[in-house]
Amino acid sequence: MTSEEFHALVEQYTYEPGDYNESAPLTLAQLAQLERQKGIRLPAFYKEFLSMYGEGEFGCVTVLSPNPESGFPIWETTLRLESRECNFMGVVELDSDYFGFLIEHGVCSNDIWHADHELGYDIIYSDYPDFYDFLAKVGLGIWDESEASEQEEDGESKGRVEN
């Protein structure tokens, strides 16, 4: 999903930036500084989202922040999952599960992975190609009809990262 498509969906569904969260959006300069401090390059859509909408509740999910002083820090989820063999950064919390990015050589993936609490936080591929696709479908519940029927038929996720 493109940035323009996502923002059009947000506008179409009358979601007002700032109505849901307790903190101001992060600037791109703040995000660049946090990336340097942590030695991680975050995906562009995630950074754009945080710079426009901020952290906190977004539809039915909670978007976490790389800012350690945030009320919704990603670093607590990272610590909870640090015993995993793969590097995973949970950036969204939903029903005690985390959705986020795999990290390889300090660079976060664009596709979304799922740390499922019912599976001991095993990391599972989620079929969401990017952060905006995930937020539109899961956070806001916006699916096109062909995708909704495919999701019902699939039932299970395709891959799992072994720990």
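Analyst: Across the protein chain of this predicted model, pLDDT (the predictor's confidence in each residue, from 0 to 100) averages 80, and 75% of the residues score at least 70. Residues are numbered from 1 along each chain as its sequence is written, and side-chain values use heavy atoms, with hydrogens and water left out. Local features need pLDDT of at least 70, side-chain atom pairs count only at pLDDT 80 or more, and totals for chains, interfaces and linings use all residues.

Now to the meeting place. Helix H3 (residues 44–52) and helix H5 (residues 131–139) have axes that come within 8 Å and cross at roughly 60°; helices here are DSSP runs of H or I, at least four residues, numbered from the N terminus. The axes are lines fitted to C-alpha atoms over the stretch in contact, with angles from 0 to 180 degrees between N-to-C directions. H3 is therefore oblique to H5, since angles under 35 degrees count as roughly parallel, over 145 as roughly antiparallel, 65 to 115 as roughly perpendicular and the rest as oblique. On the H3 side, Phe 45, Tyr 46, Glu 48 and Phe 49 make the contact, and Phe 131, Tyr 132 and Leu 135 do so from H5, contact meaning heavy atoms within 4.5 Å.

About one helical turn separates the two, because they are four residues apart in H5.
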